Every structure is written in C-alpha cells, then in structure tokens.
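This report goes through one protein chain from its overall layout down to single side chains. Please read it with the structure in view.

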Amino acid sequence: MLDIALIRKTPDEIKARLAARSGELSSQIDAVLRCDTQRRQAETKLQQLQADRNRISKEIGAKKKAGEDTSEIEAQVRGFGEDMKRLNEETTALDTEQRDLLLGIPNTPHEACPAGADAAANPEIRAWGAKPVFTFQPKSHVELGEKLGLFDFNRATKISAPAFTCYTGPGARLERALINFLLDTHTRTGGYTEIAPPLLVNADALIGTTQLPKFADQLYHCPEDDLYLVPTAEVPVTNLHREEILKLDQLPIKYAAYTPCFRREAGAAGLGTRGLIRMHQFDKVELVKICHPSQSMAELELLTADAEKILQTLGLHYRVIELCTGDLGFGSAKTYDIEVWAPGQGSYLEVSSCSNFADYQARRMALRYKDENGKNQFCHTLNGSGTALARLYVALLENHQQPDGTIAIPEPLRPYFGAEKIG
RNA sequence: GGAUGGGUGGCAGAGUGGUCGAAUGCGCACGCUUGGAAAGCGUGUUAGGCUUAACCGUCUACGAGGGUUCGAAUCCCUCCCCAUCCGCCA
C-alpha cells in the first residue's frame with residue numbers, strides 16, 4: 001500500500017501519479033485523508049486520557065505504599081474508563097477503516113513508466129529471434145497434442161471440470177522435463193535459491209501480494225480452513241519474509257519456485273476455448289526478488305533477462321513489451337511482459353510478466369531491512385514468471401513441429417526429456 | 001481428533017497486581033585497552049503510532065481478542081500457535 005505520511009504530505013502529487021492509471025482514484029485519496037485526520041484526532045485525545053490515568057495510577061500506588069488513604073483519588077480516576085473505552089473503539093475503527101481504504105488504492109506507476117490508456121499503448125521494447133518459416137500449414141498445439149497423446153481434455157473434464165487438462169505419457173514427461181529444466185537453469189546459472197512452498201495459503205499472505213481483498217473472486221477458497229489455493233508462487237514465496245526485518249547483507253534475496261497455479265478466471269476471455277492457453281490450473285516457475293530500494297530497477301532488468309534466457313535457450317522467438325500506466329497491474333510500479341510466438345495460433349502468448357512493486361507489497365506485509373544507520377526501511381519486491389509452463393508448452397509444440405507431425409525437442413531440453421523428438 | 005505442557009526483547013531466560021518495556025546471561029554495535037587480536041572494562045542495543053525539521057516528550061504492544069481493577073506480563077474467559085505423547089496416515 002501507499003505511505004499515508006506521503007499522501008498526507010503531497011496529496012496532489014500522489015493523485016496526479018495515480019491519474020495515469022485507469023479508474024478514478026482521487027476521491028479515494030480524499031477519503032483516506034479524511035479518515036487519517038479523524039483517526040489522529042481521536043488517537044491524540046485517547047492518549048491524553050491514558051497519560052493522565054497512568055500518572056494518577058502511579059500516584060495511587062505510591063500513596064498506598066506509604067499507607068495513605070487513596071479512596072478520593074481513586075474515585076476521581078474511575079470516571080475515565082467510559083471515555084477511554086469509547087475513544088479506544090473509535091480509534092480502532094478509524095484505524096481499520098484507514099487500512100481498508102489504503103488496501104484498495106493501487107500503486108503509483110514509476111516515473112519511467114510509459115503513459116497510455118490501455119494495452120494498445122504498450123510499447124515493444126525489443127524482440128529476439130524471428131518467426132519460423134514452415135513449408136506446410138503449422139498446426140495448433142491442440143491438434144498436435146491430441147494426435148500424439150500428450151494431453152486429454154475430455155477425460156480431465158470428466159474427472160474435474162472444463163478448462164482443466166490431464167497430461168499423459170510423453171506429454172506428462174515433457175511437462176516434468178520443462179519444470180526441471182527451468183528450475184535447474186535459474187538455480188544453477190541465475191543464482192536463485194529453490195523454494196517448494198505450500199500450495200494453500202492464508203488471507204494475510206494474499207493481502208501482502210495484493211490478491212486480496214480486491215480480487216477475491218479469482219481465487220479458489222477452502223472455507224472450512226479459510227485457506228486459498230495459490231494463484232501463483234509469488235504469494236507464498238514473497239510472503240516468506242513477511243513481518244521480518246532483514247539485515248543489509250541478506251539482500252538481495254532471489255528465489256525460484258515451481259508450483260501449480262489455480263485461478264478461477266471468472267469473466268476471463270478465452271476460457272471457453274479448448275487448449276492450454278487459459279486454464280484453471282497450470283504449472284509455473286516463478287522468480288521472486290527482495291532487494292534494496294536503490295537496486296530494484298536494475299534487478300527488474302536482470303529478472304526480465306533471466307526469463308528471456310529460457311526462451312532463447314529453447315529457440316523460441318519472442319518480444320518484450322512494457323506495460324503502459326493504464327495497463328499496469330494493481331501493485332506494480334513497472335512491468336515488462338514477455339510474449340512468445342505461437343505459429344499455430346498466429347499470435348503471441350504472454351509467458352512471463354516481470355514486475356517491480358517497489359515498496360508497495362513490502363508495506364502491506366511489513367517486510368523491512370535495517371539500513372546503514374540502523375533505521376528500518378521497507379524492502380522492494382519483484383517477481384516474474386520464469387516462465388509459465390502451459391503456454392511455453394504450446395510454443396514448444398507449435399514452433400518445433402515437423403512436416404511429419406512429430407515434435408523436435410530442442411537440444412538443451414533433451415537430457416531432461418530423454419529423447420530427441422516426440423512421435 | 002484426544003491428553004499434557006508451553007508461548008516474554010536477535011537468542012536463552014527471570015518476573016505471579018503498582019516505581020516493569022521488562023532482571024540476568026549470550027549475541028551484536030561503538031569506545032577504551034593492544035603492535036594486532038583475544039580477554040577485560042565502559043556505553044548502547046524491540047517495534048509501531050501521535051507530536052516534531054530533529055531532539056525531547058507521550059501512547060501502545062510480554063501469542064491474539066475480550067473481561068476484572070484506579071492500575072495487568074502477572075488474575076478470569078475465548079481463540080490461535082508451538083512441543084511431547086496417543087490415535088490416524090503419505
């Protein structure tokens with residue numbers, strides 16, 4: 001969340017920066033400011049009363065010890081109780097209200113973020129490789145996969161629900177090979193520490209990484225235990241250090257985690273389309289960084305490069321676009337999306353989204369470090385997919401399909417898959 | 001799920017109604033000492049809020065919430081978590 005002290009100090013500047021996002025946010029800033037003023041008034045009154053009570057109570061203790069009569073002075077302070085209780089409730093309520101308001105206000109985009117209204121305004125930053133040229137009409141991954149027995153949508157629906165799939169035989173092995181390839185690459189050459197986190201998390205974790213309270217309808221919830229299925233490893237992994245005060249020499253922290261991801265995708269376009277591109281469950285290897293504020297912009301570039309390296313190694317043409325202010329995610333200050341070419345679709349697929357959240361998430365989860373002067377400061381957090389598996393799988397099948405209907409496995413993946421081709 | 005014992009500062013661990021944000025030890029930081037280090041000595045070392053340019057001051061927090069009281073780490077209630085044992089189980 002945003003810093004209330006900063007909002008108080010420079011409300012117009014905050015409003016101006018938020019105005020670049022979609023949606024009307026300046027009235028929310030006004031609301032939080034009103035609440036803040038009331039809260040502080042109530043708090044000051046309460047504290048005055050508490051200070052008086054403490055002073056008198058101390059006096060009573062001293063007098064009793066001296067054997068003096070205290071009944072009169074006790075009667076005097078007895079009346080404090082009711083006022084204090086009322087003011088305490090008022091303060092607590094205003095405090096909660098202020099926090100709720102702050103949780104609903106998105107992050108301010110970074111100054112370097114390109115201005116724009118929506119996805120159409122996202123600039124392309126760079127591209128790697130080129131669209132492959134086929135001597136035949138490239139097939140969709142759905143057709144390729146069903147012919148080769150790589151996955152089974154019908155049976156997955158039978159045992160679960162639409163928009164789930166079941167990988168089978170060599171298809172399951174390919175998925176596993178990709179997971180291992182991604183994790184090995186990031187941990188061996190990227191310097192990331194591997195994490196295998198819980199797949200069910202509590203609400204506090206989801207608040208920390210901004211999935212709650214605003215996006216509850218996208219989450220699978222187990223009400224019996226009040227736990228949620230992870231929509232991304234970002235949630236458990238970033239929250240690993242929630243409410244901690246890290247030492248300077250611990251930074252930067254770099255984690256890589258493989259998890260399945262569960263998303264309800266309520267209202268999402270393309271859910272009804274057969275295929276691996278949008279599903280309720282998919283695998284992903286996520287990269288998470290916790291770093292010093294001065295380093296986060298540089299770390300974002302490195303993070304994006306780490307994700308790109310995967311596509312390069314697999315010989316997949318992609319482009320990097322930067323999200324403009326109007327298309328930026330709720331908590332992000334700056335985001336790069338990586339889109340891989342999928343010839344069977346005739347379009348690019350988003351396989352990675354790399355974001356710098358600055359101190360926005362850290363503030364929500366009280367994630368701090370002790371600076372050079374011994375003062376506690378909020379860390380900066382980042383994350384990026386490295387990469388999403390299902391769409392990478394699509395790209396792999398569609399880009400490396402052969403005229404005879406087989407799939408060539410790229411060289412670096414062969415030790416993991418155990419063969420040179422599928423089919 | 002059942003039983004028992006516990007949750008206090010970075011860690012260990014005192015404290016069972018008042019001067020306790022909290023003894024002591026360890027750790028850590030700085031200083032003295034030293035050729036240098038160790039030892040020794042000294043000083044400091046939780047977090048959040050309000051107020052402030054800052055210092056100061058003040059409030060809150062001893063797992064969480066509520067209650068009793070002029071006053072709660074300390075007494076009462078509820079909940080959560082941890083440990084061990086039993087049951088169940090990959």
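Helices (H or I, at least four residues) and strands (E, at least two) are DSSP runs, numbered from the N terminus. By that count, chain A has 14 helices and 16 strands. This is a predicted model, in which local features need pLDDT of at least 70, side-chain atom pairs count only at pLDDT 80 or more, and totals for chains, interfaces and linings use all residues. Residues are numbered from 1 along each chain as its sequence is written, chains are lettered from A and ligands numbered from 1 in the order in which they are written, and side-chain values use heavy atoms, with hydrogens and water left out.

**Overall layout**

Along the principal axes, the C-alpha atoms of chain A fill a box of roughly 100 × 45 × 40 Å. Chain A has 423 residues, and 48% of them count as buried. Buried means under 20% relative accessible area, exposed over 50%, partly exposed in between (1.4 Å probe, protein chains only). Contact means heavy atoms within 4.5 Å. Among contacts between residues at least 6 apart in sequence, 73% join residues at least 24 apart.

**Two domains**

The domain assignment gives domain 1 (4–103) and domain 2 (119–422); such bounds come from an automatic or database domain assignment. Their centres, taken over C-alpha atoms, are 43 Å apart. Six residues from domain 1 and ten residues from domain 2 make the contact.

How much area is buried between domain 1 and domain 2? About 630 Å², with carbon and sulfur atoms giving 42%. Buried area is the accessible area (1.4 Å probe) that two parts lose on being put together, summed over both. On the domain 1 side, Ala 20, Arg 21 and Leu 103 supply 78% of the area buried against domain 2, more than any other three residues.

The count of salt bridges between domain 1 and domain 2 is zero. A salt bridge is a side-chain nitrogen of Lys or Arg within 4 Å of a carboxyl oxygen of Asp or Glu.

**Salt bridges**

Side chains of opposite charge can pair when their charged atoms come close. The rule gives 26 salt bridges. Three of them are tabulated here.

| Pair | N to O distance |
|---|---|
| Asp 36 and Arg 40 | 3.3 Å |
| Arg 86 and Asp 83 | 3.8 Å |
| Arg 155 and Asp 152 | 2.7 Å |

Asp 36 and Arg 40 both lie in helix α3 (residues 26–65), four residues apart, about one turn of the helix. Asp 36 is buried at 0% relative accessibility. Arg 40 is partly exposed at 33%.

Helix α5 (residues 80–103) holds both Arg 86 and Asp 83, three residues apart, again about one turn of the helix. Arg 86 is partly exposed at 47%, and Asp 83 is partly exposed at 38%.

Elsewhere, salt bridges that share partners join Arg 8, Asp 36, Arg 39, Arg 40, Glu 43 and Asp 95 into one network.

**Around Cys 354**

Is Cys 354 buried or exposed? Cys 354 counts as buried because its relative accessible area is 0%. This residue lies in strand β11 (residues 347–356). The C-alpha atoms of Cys 354 and Gly 384 are separated by 3.9 Å, although the two are 30 residues apart along the chain.
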